[in-house]
Amino acid sequence: MKIALIGASGFVGSHLLKEALDRGHQVTAIVRNPENIKVTHANLSVKKGDAMNADEVANLVSGHDVVLSAYNAGWENPNLHDDFLKGSKAIQEGVKKSGVKRLIVIGGAGSLEVAPGVQLVDTPQFPAEWKSGALAAREYLNVIRKEDTLDWTFFSPAILMHHGIKDGRTGKYRLGTDQPVFNAEGESRLSVEDLSVVLLDEIENKKFIKKRFTAAY
């Protein structure tokens with residue numbers, strides 16, 4: 001497939017890029033700073049782009065089979081909440097303008113329901129430093145759920161998905177929808193390598209059209 005990958009130089013995006021190329025897909029990596037893409041590959045094209053400019057997004061993703069957004073406004077960004085929403089909405093608008101039908105968005109785990117009517121981001125133990133981004137991702141989930149033109153998918157990662165996960169790429173995972181997937185130890189965890197497997201599997205298999213889903217071990 002022809003995949004337009006937004007945010008390809010980030011922690012998550014760089015792993016998605018590797019997985020997509022390893023599977024033989026043609027990838028256009030759309031990034032703010034092309035010099036941050038250190039990979040060279042016959043199936044890779046790197047383009048400079050501003051995710052907050054819908055017209056620019058439309059031009060860059062036109063002609064692709066699917067747009068995979070790993071857009072991140074930056075965890076250290078004091079305007080993270082507003083910038084995440086602005087960028088996510090611009091990407092959505094740009095994809096619609098481009099004529100591409102399929103959009104997969106990586107959001108946060110904060111909107112997953114951990115008890116009846118209680119989302120993770122609203123619990124007392126939710127880390128304060130992640131709250132702004134999690135609230136923005138939840139708001140955007142509510143926005144994209146109203147989208148009726150695109151074949152969208154919103155992915156919420158496992159609760160534990162960071163540099164400390166040492167599982168690597170196992171190719172094994174379990175799927176869920178609006179509640180976290182927990183293992184026998186009560187953890188919801190997934191390596192970034194296996195997150196990439198999950199997302200590329202979804203691109204290829206189309207199980208969650210116009211739905212949110214999650215995955216963990």
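Where is D194 found? In this predicted model, D194 is part of helix α5, which covers residues 192–205. Its surroundings make a handy starting point. D194 is buried yet takes part in no salt bridge, and R169, the nearest side chain of opposite charge, sits 5.6 Å away. Setting aside residues up to four places away in sequence, D194 touches G168, R169, T170, G171, K172 and Y217.

The side chains of R169 and E19 form a salt bridge, with 2.8 Å from N to O. This pair links distant parts of the chain, since R169 is in the loop between β8 and β9, E19 is in helix α1, and 150 residues separate them. E19 counts as buried because its relative accessibility is 5%, under the 20% cut-off. E19 also has a salt bridge to R23, where the closest N and O atoms are 2.8 Å apart. R23, at 26% relative accessibility, counts as partly exposed.

The chain of partners keeps going from R23. A salt bridge joins R23 to D201, again with the closest N and O atoms 2.8 Å apart. D201 belongs to helix α5 and R23 to the loop between α1 and β2, so this pair ties together parts of the chain that are 178 residues apart in sequence. D201 is buried, with a relative accessible area of 17%. Put together, E19, R23, R169, D201 and E204 make up a network of linked salt bridges. For the whole model, the count comes to 14 salt bridges.

Most residues other than glycine have a negative phi. K206, however, is not a glycine and still has a positive phi of about 55 degrees. K210, also a residue other than glycine, has a positive phi near 55 degrees. With 36% relative accessibility, K210 counts as partly exposed.

With strand β9 (residues 174–176), β10 runs antiparallel, joined by 3 bridges. There, the bridge partner of G176 is T214 in β10.

Since 5 of its 6 residues are buried, β2 is largely enclosed by the rest of the structure. β1 and β2 run parallel and are joined by 5 bridges, with Q26 in β2 as the bridge partner of K2. To get from β1 to β2, the chain passes through helix α1 (residues 11–22), and this β-α-β crossover is right-handed. β2 also pairs with β3, in the parallel sense and over 5 bridges; A29 has V46 in β3 as its bridge partner.

Between β2 and β3 comes a loop, and I37 is found there. Is I37 buried or exposed? With a relative accessible area of 12%, I37 is buried. Leaving aside neighbours within four places in sequence, I37 is in contact with A8, S9, L17, A29, V31, L44 and V46. I37 and E56 are 19 residues apart in sequence, and their C-alpha atoms are 20 Å apart in space.

That brings the tour to helix α2, which spans residues 54–61. Its buried residues are A54, V57, A58, L60 and V61, and these pack against strands β1, β2, β3 and β4 as well as α3. At the N-terminal end, N53 caps α2, with a side-chain oxygen 3.1 Å from the backbone nitrogen of D55. Just after α2, G63 takes a positive phi of about 90 degrees.

How values were computed:
Residues numbered from 1 in each chain as written. Predicted model: local features only at pLDDT ≥ 70, side-chain atom pairs only at ≥ 80, totals over all residues. Heavy atoms only, no water. Buried < 20%, exposed > 50% of the residue type's maximum accessible area, 1.4 Å probe, protein only. Helix = DSSP H or I, 4+ residues; strand = E, 2+ residues; numbered from the N terminus. Contact = heavy atoms within 4.5 Å. Polar contact = N/O pair within 3.5 Å; in protein donor to acceptor, adjacent residues only side chain to side chain. Pairing = 2+ DSSP bridges. Right-handed = clockwise from strand over helix to strand, strands pointing away. Lys, Arg positive; Asp, Glu negative; His and termini not counted. Salt bridge = Lys/Arg side-chain N within 4 Å of Asp/Glu carboxyl O.
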